[in-house]
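Let me put the structure up, and then I'll talk you through it.

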Amino acid sequence: MQLELSTYIFLSGTVWSAVAHIISAVIGAGVLSLAWSTAQLGWIAAPIALFFFALVTYISASLICDCYRSPDPITGTRNHSYIDAVRVNLGKKWTWVCGLLQYVSFYGTGIAYIITSATSMREIQRSNCYRKGANADCQTGKNIFMLIFGIIQIVTSQIPDFHNMTWLSVVAALMSFCYSFIGLALGFSKVIDNRRIKGSIVGVPAKSAAQKIWLVFQALGDIAFAYPYSIILLEIQDTLKSPPPENQTMKKASMSAIVITTFFYLCCSGFGYAAFGNDTPGNLLTGFYEPFWLVDFANACIVLHLVGGYQVYSQPVFAFVEKKLTQKFPENKFLNKFYAIKLPVLPAFQLNFFRLCFRTFYVMSTTAIAMAFPYFNQVLGILGALNFWPMTIYFPVEMYIVQRKIGAWTKKWLLLEGFSMICLLVSVVGLIGSIEGIISAKLAKM
């Protein structure tokens, strides 16, 4: 999803390069939950929800585009990142709040990626097990696969910084496209095999009206996770050539990318729900077992994508903590001393004991939380709801108001603040529904 393409500076800086960045950044693990979300909302409410989030994402992107330069959106000084724009327009206090939310989001995404990877690794094991026959015992828990993924991340976390992992981001982005299109193709194929379209207008029936409301709220949180790319929008805009003005080019790119992404999401979610109906799985690819080789390949693509994706979201946290501590304690050898280690065949490796300990503990903590709460849809819903309003709506709206010097209680101010309040309500209900889902799932296991 979101940060993976910000390192791809080799593209040409045009509308279409920006479109490629956005699509590659947005399409990721979130697409796997959209069929389940559609199943909860039904054939009418689900497309409406997708169009709502697409519209909101475009409005938000348009507001952020004009904050790339300050104080004037065309001739002002460049803000090279989202956090730079917040600092220039809203001040130091809100910069700290924004930074905290950003790093919490990165941490939470790491947890979600561990859960998703473990699910895919288990599905590969189950798919191979089912080939032995209908009576084979193929039930395996996720914890062992989470531990395996955690061990892999402890090793890859020792990559020093972003500049040394461009290849990992490239592979991750390619893998995300592979499994997304395979999921779409498998859903379409199953609809053809069924010779009918499953599903209903109101979605999956629930035991009670209250439970149905919780599931609808959770579905909104999952859709919120799949769309926004506000955190990296200014980094993408920073790669554009000028003239024409960068904000104009970026708005065109955002419109094209969101239209393409929305069409793709409608296809994935629609064919997934049409294929499985009330039995639509939380992770679309877990519903398929044949052809074995293609399902295994798609799940392997997910794992490879999320190995890189975990690092994309973790490296900024590593860099922030390590930079702050080394600046505060410049004489501390534990923090600052590096030891050259030469391994056979491989190039020399610079070992730092603090980096080794901190990054290992970070991976262990995300793995432990994932093992405690291994609930794919609920965790995605919480992350989507937590990020959607503050990062996608609140900060862009407030920055735009400050930059354009829009007076309080004017018509435009009321319109923008009303838009923000509606989106806050959507975030709140998504968060509540997802938390309720985690509590219910946890209690059901006791």
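I'll go through ring pairs, then helix packing, then some backbone details.

Quick ground rules: this is a predicted model, so local features need pLDDT of at least 70, side-chain atom pairs count only at pLDDT 80 or more, and totals for chains, interfaces and linings use all residues. Residues are numbered from 1 along each chain as its sequence is written, and side-chain values use heavy atoms, with hydrogens and water left out.

Rings, then. A pair of aromatic rings is described by the distance of the centres and the angle of the planes. I'm pairing rings of Phe, Tyr and Trp (its six-membered ring) if their centres lie within 6.5 Å, and planes under 30 degrees apart count as stacked, over 60 as edge-to-face and the rest as tilted. That rule gives us 25 aromatic pairs. Take Phe53 and Phe388: they're edge-to-face, 5.1 Å centre to centre, with 65° between the planes. Phe53 lies in helix α2 (residues 34-65) and Phe388 in helix α13 (residues 376-403), so this pair ties together parts that are 335 residues apart in sequence. Helices here are DSSP runs of H or I, at least four residues, and strands are runs of E, at least two, numbered from the N terminus. Both Phe53 and Phe388 are buried, where buried means under 20% relative accessible area, exposed over 50%, and partly exposed in between (1.4 Å probe, protein chains only).

Next up, Tyr107 and Tyr362, also an edge-to-face pair: 5.3 Å between centres, 85° between planes. Tyr107 sits in α4 (residues 92-130) and Tyr362 in α12 (residues 353-372), so here the pair ties together parts 255 residues apart in sequence. Tyr107 is partly exposed at 22% relative accessibility, while Tyr362 is buried at 6%. Ring pairs also link these two with Phe318, Phe334, Phe354 and Phe358 into a cluster.

Staying on α2 for a second, that's where Val56 is. Val56 is buried, with a relative accessible area of 2%. Leaving out residues up to four places away in sequence, Val56 touches Phe388, Ile393, Phe419 and Cys423, contact being heavy atoms within 4.5 Å.

Now helix packing. How do α4 and α13 cross? Their axes come within 10 Å and cross at roughly 155°. The axes are lines fitted to C-alpha atoms, for helices over the stretch in contact, and angles run from 0 to 180 degrees between N-to-C directions. So α4 and α13 are roughly antiparallel; the cut-offs are under 35 degrees for roughly parallel, over 145 for roughly antiparallel, 65 to 115 for roughly perpendicular, and oblique for the rest. Residues making this contact include Trp94 and Leu101 of α4 and Phe376 and Tyr394 of α13.

Then there's α3 (residues 82-90) against α4, at about 155° with axes 7 Å apart. That makes α3 roughly antiparallel to α4. Among the contact residues are Tyr82 and Leu90 of α3, and Trp94 and Gln102 of α4.

Last bit, backbone. Most residues other than glycine have a negative phi, and most peptide bonds are trans. Which peptide bond is cis? The one from Ser70 to Pro71, with omega near 0°. Pro71 is in the loop between β1 (69-70) and β2 (77-78). Lys405 isn't a glycine, but has a positive phi of about 55°, and Trp409, not a glycine either, has one of about 70°. Lys405 is in the loop between α13 and α14 (411-444), and Trp409 lies in the loop between α13 and α14 too. Lys405 is exposed at 68% relative accessibility, and Trp409 is exposed at 65%.
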